[in-house]
Amino acid sequence: MDLAKLTELAGPRWITIEATALAHNLKAVKALLAPSTRLLAVIKADAYGAGAVEVARIFLDAGADYLGVTTLAEGLELRRAGIAAPVLLMSPLLPEELPAAIAAGLTLTVSSRSGAEAIAAAAAATGHRARVHLKVETGLQRTGLEAAAVAPLAREILNWPGVELEGVYSHLAEAARPAAARRQMACFQQVLAELEEEHIAIPLRHICNSTGLLTHPEMHLDMVRTGTLLYGQFPYQAPRRGLALKDPWQFKARILFIHDVAAGTPVGYGGDYVVKKATRLAVIPVGYADGFALTAVVRPKNLNDLARYLVKTFLAYLGRGGGEGTTVIIGGRTAPVVGRVGMQLSMVDVGHLPEVEVGQIVTLDIRRPTASSRLPRVYCREGHPYLVRTTTGELLPVDAPHLSPGVNS
C-alpha cells in the first residue's frame, strides 16, 4: 500500500480493523439463532476498542437488529453519527442524564422503581416518549429490580402515557457453569410467568450474553446480546458450536530509528537490560501510554489461576515471557523488545535482521482493553483501507485510487 498516504492520515502507528471479518463474525453468530430471535450487537467501550461508530455501521449492514452500549455518551456518539438503529443503554442513568437520552431516542434500562419514576418525569418534561427495558436481578448483584417487584412495576408502567415498555432482561453471571445459569434462568422464567399471568405482553425478553448464546441455546428467547464473539474471540470455557471466527484486529507501527550498540551497553530507563553482544536496535513509536506491554491485573480465581499468574510474571522478569509486549514481528520474523517499555517509544533488538530499515512496518501484540483510544484505527475491506479514525476521533475517507493492495503486508 501507499505508506506515505497512510502515514499522512494515521501517523506512524495504527490499528487495522478488518470490516469483512467483523461482518463475517456477526453473520456466523446470527446463523446459530432461530429466525425469530434478534441479535443485539454490543459495542460498549468503543466497540471493544475497534471504534464504535464504524463498527456499528458494519454490524448493522451485516444484519444486527439492535445495538448495546453502557453509557449515555456512547449512545449519543452513535446518534451524532447518524445511526438511527435501536440502542439499549445497559446501565441506569442519573436523573440529569435522562432528558438527553430520551430526546435522542435511546432505549433506557430500568433497574429500580425510583429510576422508572425519574424516566416518566423526564419523558413528560421533554415531550418525548421513553422506550424502556426492565432489568431483573437474578444473581449478578450489579443492577436490577428484585424479581418480586417486576410485575407490579410493569403493570404501573403500562398506564404511564410517556413510557413504552419494550423489553425485560437479565444478565448471566456464570454462563459457563450450567447449574448457576439454570438457577438464574429459573428466576427469570418465574418473572416472565408472573408477567404472563398479569397479561402483560413484553416484546423483547433476553438474558444470553456470548457465553450463554453458545452454551444455552434454550435461553435465546426473543433476543441475545453478544459482544466478544463478534470481535473474533471465544469466551473462556465456552463451546465453539462450529463457529469459525475471524480476527479483525492488527496493531502496526513503522520503525523510526535504527542504531548500532556495543556489547555491554545498558539499554533503556534504569539500565536494567544490558546488551550481551554487539547488535542493532530499532526504535518504534509505541509505549505503555498506548497500552503496549500493559496487562490488566485481576484477582486470581483460584490457586491454579494464581500459580499461572506467578509463573507468567516470573518468566516476564527473566525476559522469557510469551505475552504482549515481549516480541514484535518484522517481515514475518520475530524480534524481542528490550529494555523498559517507554511511555511512547520502545526499543527492539534487530541484530539478527540485517535487512530491517527505517520506515519498515512492525506488527505488535496489544491487549485490546488496554489499547489507547487515541491510536488511529484504519478500517479495511479485504486488506484495502477505506477509512481512518484519527487521533482526534475524526473519520477520514481514504482516497482509494491512490492506494495499492497490501495494507496487512
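Q: Which residues in α2 meet which residues in α4?
A: The model shown here is predicted. In α2, Ala-19, Leu-22, Ala-23, Leu-26 and Lys-27 take part, and they meet Val-55, Ile-58, Phe-59 and Ala-62 in α4. By class, the residues of this contact are eight nonpolar, no polar and one charged.

Q: How is the geometry of two packed helices described?
A: The description uses the angle between the two axes and the distance between those axes. Here, helix α2 covers residues 19–30 and helix α4 covers residues 52–62; their axes come within 9 Å and cross at roughly 45°. The two helices α2 and α4 are therefore oblique to each other.

Q: What is the handedness of the crossing where α2 passes α4?
A: The crossing of α2 with α4 is right-handed.

Q: At roughly what angle do the axes of helix α8 and helix α9 cross?
A: Helix α8 (residues 147–157) and helix α9 (residues 178–197) have axes that cross at roughly 25° and come within 9 Å. This angle makes α8 roughly parallel to α9. The crossing of α8 and α9 is right-handed.

Q: Which residues make the contact of α8 and α9?
A: On the α8 side they are Ala-147, Val-150, Ala-151 and Ala-154, and on the α9 side Cys-187, Val-191, Glu-194 and Leu-195. Seven residues of the contact of α8 with α9 are nonpolar, none is polar and one is charged.

Q: What shows where empty space is left?
A: A probe the size of a water molecule is rolled over the atoms, and this shows where space remains empty. In this structure there is one cavity of 30 Å³ or more. The largest cavity holds about 40 Å³ of space.

Q: Which residues line the largest cavity?
A: The lining consists of Ala-47, Tyr-48, Ala-50, Tyr-231, Pro-248, Trp-249 and Arg-368. Sorted by class, six residues of this lining are nonpolar, none is polar and one is charged.

Q: What volume does the second largest pocket have, and which lining residues are the closest to its centre?
A: Its volume is about 200 Å³. The pocket is lined by 16 residues, of which Glu-77, Arg-389, Thr-392, Gly-393 and Glu-394 are the closest to the centre.

Q: Where does the largest share of the lining of the second largest pocket come from?
A: Helix α4 supplies the largest share of that lining, with three residues. The lining of the second largest pocket comprises four nonpolar, six polar and six charged residues.

Note on methods:
Residues numbered from 1 in each chain as written. Predicted model: local features only at pLDDT ≥ 70, side-chain atom pairs only at ≥ 80, totals over all residues. Heavy atoms only, no water. 1 Å grid on protein atoms, 1.4 Å probe; cavity = no way out; pocket = protein on both sides within 12 Å on 5 of 7 lines; lining within 4 Å. Points joined across faces, edges and corners; volume = space filled by probe spheres on them. Nonpolar A, V, L, I, M, F, W, Y, C, P; charged D, E, K, R; others polar. Axes fitted to C-alpha atoms, helices over the stretch in contact; angles between N-to-C directions. Helix = DSSP H or I, 4+ residues; strand = E, 2+ residues; numbered from the N terminus. Parallel < 35°, antiparallel > 145°, perpendicular 65-115°, else oblique. Left-handed = near helix turned anticlockwise from the far one by under 90°. Contact = heavy atoms within 4.5 Å.
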